[in-house]
Amino acid sequence: MYEGSRAAEGKLAQKLLHDLFTNYTSALRPVEDTDQALNVTLDVTLSQIIDMDERNQVLTLYLWIRQEWADAYLHWEPEVYGGLDSIRIPSSMVWRPDIVLYNKADTQQPASASTNVVLRHDGRVRWDAPAITRSSCRVDVAAFPFDSQSCRLTFGSWTHGGHQLDLWPGAPGARLADFVENVEWRVLGMPARRSVVTYGCCSEPYPDVTYTLLLQRRAAAYVANLLLPCVLISLLAPLAFHLPADSGEKVSLGVTVLLALTVFQLLLAENMPPAESVPLIGKYYMTTMALVTASTALTILIMNLHYSGPGVRPVPAWAQTLLLGYLARGLCVRERGEPCGGSQHPAVPPHPSMHPKPRLGPGSGAGPCPEPRCPCHQEALLRHVGAIAVTCRNHRAAQRLRGDWKRVARVVDRFFLAVFFAMVLAMSLLVLGRAI
């Protein structure tokens, strides 16, 4: 009996289809009055974000698009056809609105959807069709990788003006119940807004519905792959000031860190679109590279102080007071065995020219022995011994001067270690704070 009712229902549907489409044409708007505008309701369901191409600024989405309108020539009484209140027929058989995506970025013509439409007894037509849209989207990467984007999708009729076809959104925004979560982007919403625009080509207004997709980038992968390595590498740069000057690796460390940052900068440039604004992570890279360059240049100057030549001059008085006095105590730079905070700047050593050479000769009183054959009166021997003594005094004075300059170099090293480490740490915390 159930199969018999199904067969009867099928015959009624065929009879209904024959009665409806005997004199029906899908080429004209289905309105009884040509001066009357046909209301079309548009609903969009976001299913998936396929791709966001930042370099070409193209957004690819998978959408479910629902359009509803009333056809004045397709209605019937359900009682006449056995209570049949709706049928599903191919969409090519009925008139369809020419709703298109205005800001599409696809070079190929969209393929016509072959889905059916649902036709109700009161003439309401519902057309559900899936669509893969490629739309242009202006991407602002100034805050990358902690950026948020808003992409607009504007739908409207291509040939019908507002006096012929009036377009309205079916809901305040796109439906997100069936959305498949994206690994890179978090969807904050997709509100809809209706607007009426008068273009320069035509005098009549054209209504459209604009859906604004609000996206927020998931920054965890970029923080782990691009930002954290840069932070760790940049923290190595100030440690060049802590290396002993005799190790010979102070400048090499700075150059190695600079090369590593350059590699990460090139990797970032390959993924970012060319834009007027520099991304936040790009600014961080450039600032870090500038700090590493400055630290390497200062390291070279400090090594020049450490390796002072034989003609070294005494440490100036202001450097004795400021660097070897207050700054050395503040930074706890001390000699071996000296307590921290108790360092005192040494007195300025006498210059070798302040020690006159001994005058040797007869009657000079070189020795206490008054005897004429005493070795103390051997003038040549005494001259050589005096020259050796002067050379030793000069050598000891030069060593003291070089020791003072080495201590100045250690104090300056410790000072710039604290300054650059604080700068790199503060800058890294500011950037990483955006991720929290």
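Exposed means over 50% relative accessible area, buried means under 20%, and partly exposed lies in between. The exercises below use a predicted model.

**Exercise 1.** Determine how helices H2 and H4 are oriented to each other.

*Solution.* 
- Step 1: Take the two elements. H2 covers residues 220-236 and H4 covers residues 280-306.
- Step 2: Get the geometry. Their axes are 11 Å apart and the packing angle is about 15 degrees.
- Step 3: Apply the cut-off. Angles under 35 degrees count as roughly parallel, so H2 and H4 are roughly parallel.
- Step 4: The H2 and H4 crossing is left-handed.

**Exercise 2.** Describe the setting of Leu268 and its separation from Leu226.

*Solution.* 
- Step 1: Leu268 belongs to helix H3, residues 250-271.
- Step 2: Its relative accessibility is 3%, so Leu268 counts as buried.
- Step 3: Leu268 and Leu226 are 42 residues apart in sequence. In space, their C-alpha atoms are 7.9 Å apart.

**Exercise 3.** The structure holds eleven salt bridges. Work out which parts of the chain three of them tie together.

*Solution.* 
- Step 1: Side chains of opposite charge can pair when their charged atoms come close.
- Step 2: Start with Asp43 and Arg175, whose closest N and O atoms are 3.5 Å apart. Asp43 lies in strand E1, and Arg175 in the loop between strands E8 and E9, so the pair ties together parts 132 residues apart in sequence. Asp43 is buried at 10%, whereas Arg175 is partly exposed at 40%.
- Step 3: Take Arg124 and Glu68, with closest N and O atoms 3.8 Å apart. Arg124 is in strand E6 and Glu68 in strand E2, so this bridge ties together parts 56 residues apart in sequence. Arg124 is partly exposed at 30%, and Glu68 is partly exposed at 24%.
- Step 4: Turn to Asp166 and Arg194, at 2.5 Å between the closest N and O atoms. Asp166 lies in strand E8 and Arg194 in strand E10, so the parts tied together are 28 residues apart in sequence. Asp166 is buried at 15%, whereas Arg194 is partly exposed at 27%.

Definitions and conventions:
Residues numbered from 1 in each chain as written. Predicted model: local features only at pLDDT ≥ 70, side-chain atom pairs only at ≥ 80, totals over all residues. Heavy atoms only, no water. Axes fitted to C-alpha atoms, helices over the stretch in contact; angles between N-to-C directions. Helix = DSSP H or I, 4+ residues; strand = E, 2+ residues; numbered from the N terminus. Parallel < 35°, antiparallel > 145°, perpendicular 65-115°, else oblique. Left-handed = near helix turned anticlockwise from the far one by under 90°. Buried < 20%, exposed > 50% of the residue type's maximum accessible area, 1.4 Å probe, protein only. Salt bridge = Lys/Arg side-chain N within 4 Å of Asp/Glu carboxyl O.
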